[in-house]
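Subject: A structure for you to look through

Dear colleague,

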Amino acid sequence: FCTMGGRGSLMVALALLLSGASLAQGFGLASLTMVRTGPQPKRVAIVGAGPAGLSLAIALRRLDTGVETVKIFEQKELVAKRDIGGGVQLNGGAAVLAKLGLAEDLHAAAQPMERILSRSADGTQLFDFNLPEMIRGQGDPQMVVNNNVMVYAIMRDNLQSVLSNNVDQRDLTLGKKVVKVSSGGGGARPATLEFADGTREEFDLVIGADGINSKVRKAIVGPESPSYIGIKILFGVAPRGKEAEGDEGPTRPSGSDAEFHQWFGTGGYGLASTYGGLGGTKVDQIALCIADDRPASSNPEWKAEEQSKETLRLALERTGMPEELQKIARRVDRVFEVGCYTSNSLQPWSKDGQLVLVGDAAHAMPPFLGQGANQAIQDAYSLASNLASADTVSEALAKYQRTRLPPTASLTLKSVLVGKLETQAGAGAVFRDALIGTLARIGVAKQIFLDGAAVRV
């Protein structure tokens, strides 16, 4: 579908979004390759300390999994490095973190989301969603915890801080890069991790939370390359309190901190929003999504380039974005360029009962439904809870994949199609705006959000 152009792709998108079609339902679940059926694992390794890996470590300790040793291996020297990455939207993932006892921590650190206001670049309103009202009335009941609607905006570094503060620090090994992952074949031999420093360790279960270029995934499915979908995102981050002399007042409209403002232009889509930052600060951000057939790096290290500020300014002009976005862009102190990629989530997620995947390692998805971190956190909880309830590791991994593959496969496909829709130009942009307005009026746009935000663990 990604290679289809113009209105043909939009009609496919509309049909799929209306039907709620699931790739997994259409083609069947990926073949399961579990072999080991013995007792539950006692020694578990987690490769990667992003939201998926840290959430999983918390879940393995706080649920009755029977796991005795948890080791998280992260190649970076810091888990919550300041100014790393852009903002993250949490909804279903926030509800799951609440199940693990993090509701108060999250509420204190993040910016609650209350409204999504969507407009075309000329100011025409497409829809206006009151999120607490919508979720309390029609959403998943699990999304309301202690009378708080669990929809938040938080900077990536702050989310990492919240999660890492809830991890047993003895479980965390930093600056330890995995270079090779080997299954024991499902028999008596354990799985093995080999590291860049020449050391190796053995485990009953190795969990890949190591992102789109996962070493664990390679050990399960073999060599493969993620697919670029023809869209690039420019994240411009503007921390409050760094305004230069002569600036023209607040970065965003008064009273809009709890609001996401969407703008649809020619060949691009812009989002203005405010996120909870480290130390109780607030951070304004612009995310500009543009169609670009030239493959761009997925930027997994979140490297900011100085020249990207000019790239952002020119892209805002080219797509006809309004002053609200341009004002934020004038104040950014860093810009991240990120190419959007996806992986085949219908591939097996586990091997021999000794290797298994969570998060982007299992199902890298573009961010156009805001579900990457949410689904990674839900993966973590689902895997841990199945290890706690199943009689054997084989049963646990099979139940985990049966639970999590259908929603993530469906969301991945829908995210690609929504991204294609949002970045239309010319006549396609006119059609896009009319389509979004229509979907909002008949209730489909609301249902898309509620479906993505639902907890499925």
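This is a predicted model: local features need pLDDT of at least 70, side-chain atom pairs count only at pLDDT 80 or more; totals for chains, interfaces and linings use all residues.

Residues are numbered from 1 along each chain as its sequence is written, and side-chain values use heavy atoms, with hydrogens and water left out.

The chain as a whole

The protein chain contains 15 helices and 21 strands, where helices (H or I, at least four residues) and strands (E, at least two) are DSSP runs numbered from the N terminus. Of its 457 residues, 58% count as buried; buried means under 20% relative accessible area, exposed over 50% and partly exposed in between, with a 1.4 Å probe and protein chains only. Contact here means heavy atoms within 4.5 Å, and among contacts between residues at least 6 apart in sequence, 79% join residues at least 24 apart.

Buried residues in strands and a helix

Ile-72 is found in strand β2, residues 69-74, and it counts as buried because its relative accessibility is 0%. Leaving aside neighbours within four places in sequence, Ile-72 is in contact with several residues, among them Ile-46, Leu-54, Val-167 and Leu-172. The C-alpha atoms of Ile-72 and Val-167 are separated by 9.9 Å, although the two residues are 95 apart along the chain.

Ser-118, in strand β5 (residues 115-120), also has 0% relative accessibility and therefore counts as buried. Not counting residues up to four places away in sequence, Ser-118 touches Thr-124, Gln-125, Leu-126, Phe-127, Gln-262 and Phe-264. Its C-alpha atom is separated by 8.2 Å from that of Phe-260, which is 142 residues apart from Ser-118 along the chain.

Leu-421 lies in helix α13, residues 393-422, and is buried, with a relative accessible area of 5%. Between the C-alpha atoms of Leu-421 and Gly-267, which are 154 residues apart along the chain, the separation is 9.6 Å.

Aromatic rings

A pair of aromatic rings is described by the distance of the centres and the angle of the planes. Rings of Phe, Tyr and Trp (its six-membered ring) pair if their centres lie within 6.5 Å, and planes under 30 degrees apart count as stacked, over 60 as edge-to-face and the rest as tilted. By this rule the count comes to 9 aromatic pairs. Phe-127 and Phe-129 form a stacked pair, at 4.3 Å centre to centre and with 20° between the planes, and both Phe-127 and Phe-129 are buried.

Phe-73, Phe-195 and Phe-203 form one aromatic cluster. Lys-176 lies over the face of Phe-195, at 4.8 Å from the ring centre; a charge sits over a ring if NZ of Lys or CZ of Arg is within 6 Å of the ring centre and within 35 degrees of the ring normal.

Two residues with positive phi

Most residues other than glycine have a negative phi, and most peptide bonds are trans. Asn-299 has a positive phi, near 50°, and lies in the loop between β18 (282-291) and α9 (308-318). Asn-299 counts as buried because its relative accessibility is 9%.

Val-338 is placed in strand β19, residues 334-342, and is buried, with a relative accessible area of 11%. The C-alpha atoms of Val-338 and Pro-300, 38 residues apart along the chain, are separated by 8.3 Å.

Asp-352 has a positive phi too, near 60°, and is found in the loop between β20 (350-351) and β21 (355-357). With a relative accessibility of 12%, Asp-352 counts as buried.

Please open the structure at each of these places as you read.
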